[in-house]
Amino acid sequence: MVTHPTPLEEALFRAKLPVERSLSYFYDLYAGTTPHREELQPSVYGRHPDIHRLDDWEHRLYAFSRGEWFAHVLSGCESVLDVGTGSGFPSLYLAPVVNRVVAIDVSAGQIALARELAQILDIGNVTFKVGDGQELPFEDESFDGVCFGGASFGYGADPHLELREANRVLIRGGLVAVEDAFPRPDSPSSERIAFLVDCGPPMLHLWVDVGLCSRRYLVRFDPQSTTGQKLLRARNQPPAQQDSVQQEAARLLEKGDLSAVTGVDFTGDLRSLSADEFLEALKDSGFGEIKQWHLPYTKAFGHALEQEGLLGRFRCGDLKLLLRSLIRGAPIVSDPDCLRPSGFYTHVTCRKA
Ligand SMILES: C[S@@+](CC[C@H](N)C(=O)[O-])C[C@H]1O[C@@H](n2cnc3c(N)ncnc32)[C@H](O)[C@@H]1O
């Protein structure tokens, strides 16, 4: 049963903080507070030789796994469009295996960051452009591949529009690769997820998940304040305890201890499709050969590698090769009746009929 407002929303409301409703403003802010490019570069794009830091391997294993999947399914494409590229994922990962990539995002800040990363990585075949996935600034049949990485699909008022646009710009038989985070059927409604953005001025990103609707708050806080100190202490818990950290952060805000918080920068409603609605939308938008891929990456897989002492033995490139082979042999469900959300992201390919 969904109750509105949740205690957390009430607390945020009581604080009467300024509100900004633009999605691009939200992601611009993200881009602006990500100055740790040397961190971003290895962790997101997997170019770092050292994967041994415990606080990093999980992130890297995950990033490699996602990147290798996109590279595998789109490899050999002549021209790929990456919608909602953010700071360049998966474009920068795809660049070595396709001829040309065009990457768009509604956030000018993210596009600037992605361009900078492409320069750092010396990647020349990706063009970045500010643009809206719901109204693609491209001619019909301009691409043979389209991808949506990291749940960049479905932010708009009408998610069908993005699929119809993707279909329009694809040649017949062109491939779409989507990585999306569908609401989990087993996730309790009104569950609050909160996490800290670990860069730039301290911020808290709260993702209030209410059924099929998410509301996001980006909160700046004063690190010297009591709340700030508590939040930072919570942040320093080991990764294994992150769930309880999230709950603790949410609890602190719920208690109304918001006097030390200096501003809510964004709040907006994001309406996701359920996995089944997404499947229907694909068919309605003219796609066939729908496949769900079950990637080898799970937390359990990572922990098993770690427990066997294997993570420490792999160099970065070896780990990518291992994941690449596992992905090539990954279980695929062709023409599924329903999509089964697996892990945080679910991976689907289809072709323009
Ligand atoms: C969760 S981020 C994912 C970024 C990146 N693909 C990744 O995997 O790291 C979602 C991105 O989609 C962008 N976005 C949202 N709606 C969009 C739209 N209608 N057109 C283009 N980009 C959009 C946002 O600005 C944001 O950068």
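View 1. The buried residues of α10 are covered by elements including α7 (159-169), β5 (170-180), β11 (287-293) and β13 (346-352). Helices (H or I, at least four residues) and strands (E, at least two) are DSSP runs, numbered from the N terminus. Within α10 (residues 275-284), Ala 275, Phe 278, Leu 279 and Leu 282 are buried. They lie on the same side of α10, because they cover an arc of only 100 degrees around the axis; the arc is that of the directions from the helix axis to the C-beta atoms. Exposed Glu 280 and Asp 284 sit on the face of α10 turned away from its buried side. A residue is termed buried if 20 or more other C-beta atoms lie within 10 Å of its own, exposed if 12 or fewer, and partly exposed in between, with C-beta atoms placed from the backbone. Gly 286, with a positive phi near 90 degrees, follows α10.

Residues are numbered from 1 along each chain as its sequence is written. In this predicted model, local features need pLDDT of at least 70 and side-chain atom pairs count only at pLDDT 80 or more, whereas totals for chains, interfaces and linings use all residues.

**View 2. The buried side of helix α7.** Pro 159, Glu 162, Leu 163, Glu 165, Ala 166 and Val 169 are buried in α7. Their arc around the axis is only 160 degrees, which puts them on the same side of α7. These buried residues pack against β1 (79-83), β4 (143-148), β5 and α10; two residues are in contact if their C-beta atoms, placed from the backbone, lie within 7 Å. Helix α7 lies across β1, β4, β5, β11 and β13, and runs at about 145 degrees to β5. Axes are lines fitted to C-alpha atoms, for helices over the stretch in contact, and angles run from 0 to 180 degrees between N-to-C directions.

**View 3. The open sheet of eight strands.** The strand order is β3-β2-β1-β4-β5-β13-β11-β12, with mixed pairing. At the edges, β3 (126-130) and β12 (332-334) each pair on one side only. Two strands pair if DSSP finds at least two bridges between them. Parallel pairing joins β4 and β5 over five bridges, and Gly 145 stands opposite Leu 175 in β5.

**View 4. Contacts of Val 80.** Leaving aside neighbours within four places in sequence, Val 80 is in contact with Leu 74, Leu 94, Val 98, Val 101, Phe 143, Gly 145, Val 146 and Cys 147.
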